[in-house]
Amino acid sequence: MQEAGNILKKYWGHESFRPMQEEIILAAGKRRDILALLPTGGGKSLCFQIPVLLQEGIGIVISPLVALMEDQVKALQKKGIKALAIAGGYLSRSWTHYWITVSMGIINSFTCHPNACSRISSSSV
């Protein structure tokens, strides 16, 4: 878990995890199914953001909260983490660009609104 602590310090500037975060991140690192219930402000986002940075590949987050996902992606980008969000309403040319970016592994974290994700899965990109 030392590596997760290093990521927490490097990108978020925190010395330690909040209650339950470390256990959730450890379980995610073992690719276990997780149902995590944390209070508002309990640090849920780190529970899926840090495991993405611990592993190869792309982490996919599906969120119905457009404003929150856009804020989180902007915050990750400011930290130098390659993140992308799709909320919907994009032109087909933009979909192609996003799909290529995701499929080539150019990003670490891909956040998608459920409607946009269904549009991607049904497109012929």
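How much space lies in the largest pocket? In this predicted model, the largest pocket holds about 1,000 Å³ of space. Residues are numbered from 1 along each chain as its sequence is written, and side-chain values use heavy atoms, with hydrogens and water left out. Because the model is predicted, local features need pLDDT of at least 70 and side-chain atom pairs count only at pLDDT 80 or more, while totals for chains, interfaces and linings use all residues.

A pocket here is an open set of points on a 1 Å grid over the protein atoms alone, where a 1.4 Å probe fits, with protein on both sides within 12 Å along at least five of seven lines; lining residues have an atom within 4 Å of a point. Grid points are joined across faces, edges and corners, and the volume is the space filled by probe spheres set on the points. The lining of the largest pocket counts 43 residues, of which Lys44, Ser45, Cys47, Phe48 and Gln49 are the closest to its centre. Helix α3 brings the largest share of this lining, eight residues; at least two residues each come from α1, α2 (21-29), α3, β1 and α4. Helices (H or I, at least four residues) and strands (E, at least two) are DSSP runs, numbered from the N terminus.

Gln72 is found in helix α4 and, at 17% relative accessibility, counts as buried. Buried means under 20% relative accessible area, exposed over 50%, and partly exposed in between (1.4 Å probe, protein chains only). Leaving aside neighbours within four places in sequence, Gln72 is in contact (heavy atoms within 4.5 Å) with Ser45, Phe48 and Gln49.

Turning to the interior, a nonpolar core is a set of buried Ala, Val, Leu, Ile, Met, Phe, Trp, Tyr and Cys residues joined through side-chain atoms within 4.5 Å. The largest such core has 14 residues, and Leu8, Trp12, Phe17 and Ile50 touch the most other members. At least two residues of this core come from each of α1 (2-12), α3 (44-54), α4 (66-78) and β2 (83-86), with α1 giving the most, four residues. Beyond its neighbours within four places in sequence, Ile50 is in contact with Ala4, Ile7, Leu8, Trp12, Phe17 and Ile25. Another core, of eight residues, lies apart from it and includes Val102, Ile107, Phe110 and Cys112.

An open sheet is formed by three strands in the order β1-β3-β2, with parallel pairing. Strands β1 (59-62) and β2 are the edges, each pairing on one side only. Two strands pair if DSSP finds at least two bridges between them. Strand β3 (residues 109-112) pairs with β2 over four bridges, and β1 and β3 likewise pair over four bridges. Thr111 in β3 stands opposite Ala85 and also opposite Val61. Helix α4 lies across β2 and β3, running at about 160 degrees to β2. Axes are lines fitted to C-alpha atoms, for helices over the stretch in contact, and angles run from 0 to 180 degrees between N-to-C directions.

Two loop residues deserve a brief mention. Most residues other than glycine have a negative phi. Met20, in the loop between α1 and α2, has a positive phi near 80 degrees and is partly exposed, with a relative accessible area of 45%. Arg31, in the loop between α2 and α3, has a positive phi of about 60 degrees and is exposed at 66%.
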